[in-house]
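Here are my notes on this model. Please keep the sequence and the 3D view open while you read.

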Amino acid sequence: MELEYKEHLSPILKDGVKNYLIDIDGTITDDVPNEEPERMVTCEPYPDALETVNKWYDEGHQICFFTSRTENLKQITIDWLDKHGFKYHSVLCGKPRGGNYHWIDNHLVRATRYKGKFTDLVEKQVTIEVFKED
C-alpha cells in the first residue's frame, strides 16, 4: 500500500486511492447471521459485488472486508472469499452488530448504504450529521 507520511502524522493514501471497508453479510452475499455458520460456507456471492470489488482492487484501491462475523469465523470467511475469487487486502472481524453506525474519525469517512445493487459510486448531495463548528 502506497502511503504518504507528512510531519509524523498518520499516513494517508495517495491521491485517488480509496480505502474501501466492505461488509459481507447482506452486502456481497446473503445476510447470514453468526449463529448459522454452516450457511456461510454455501451462500453465493452477488455477481455485481464480486465484479465491482475486484475492479476496485485492480484500479489500486484498498479492499478491507469489515464484518460483524466473530473472530472464530474468520477462516471460514477467508476461505469463502478466496473460493469465490474476491480480491482483497484484509479481513477485519468483530464489527459491532445492530447497524445504525455513526463513525467518528480524524480522517474523512464516507458511507454508502447497500440497497441491492453493487455498482461504481456516483456523487450525490445529501444531508449528514457533523460536529458543530465554533
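Is Lys-87 buried, partly exposed or exposed? Lys-87 counts as partly exposed, at 32% relative accessibility. Buried means under 20% relative accessible area, exposed over 50%, and partly exposed in between (1.4 Å probe, protein chains only).

1. Basis. This is a predicted model: local features need pLDDT of at least 70, side-chain atom pairs count only at pLDDT 80 or more, and totals for chains, interfaces and linings use all residues. Residues are numbered from 1 along each chain as its sequence is written, and side-chain values use heavy atoms, with hydrogens and water left out.

2. Lys-87 and its partner. Asp-58 forms a salt bridge with Lys-87, with the closest N and O atoms 2.8 Å apart. A salt bridge here is a side-chain nitrogen of Lys or Arg within 4 Å of a carboxyl oxygen of Asp or Glu. Asp-58 lies in helix H2 (residues 47-58) and Lys-87 in the loop between H3 and E5, so the pair ties together parts 29 residues apart in sequence. Helices (H or I, at least four residues) and strands (E, at least two) are DSSP runs, numbered from the N terminus. Asp-58 is exposed, at 52%.

3. Other salt bridges. The structure holds eight salt bridges. One of them joins Asp-23 and Lys-95, at 3.2 Å between the closest N and O atoms. Lys-95 is buried, with a relative accessible area of 11%.

4. Strand E4. Four of the five residues in E4 (residues 62-66) are buried. E4 pairs in the parallel sense with E3 (residues 19-22) over four bridges; pairing takes at least two DSSP bridges. Leu-21 stands opposite Cys-64.
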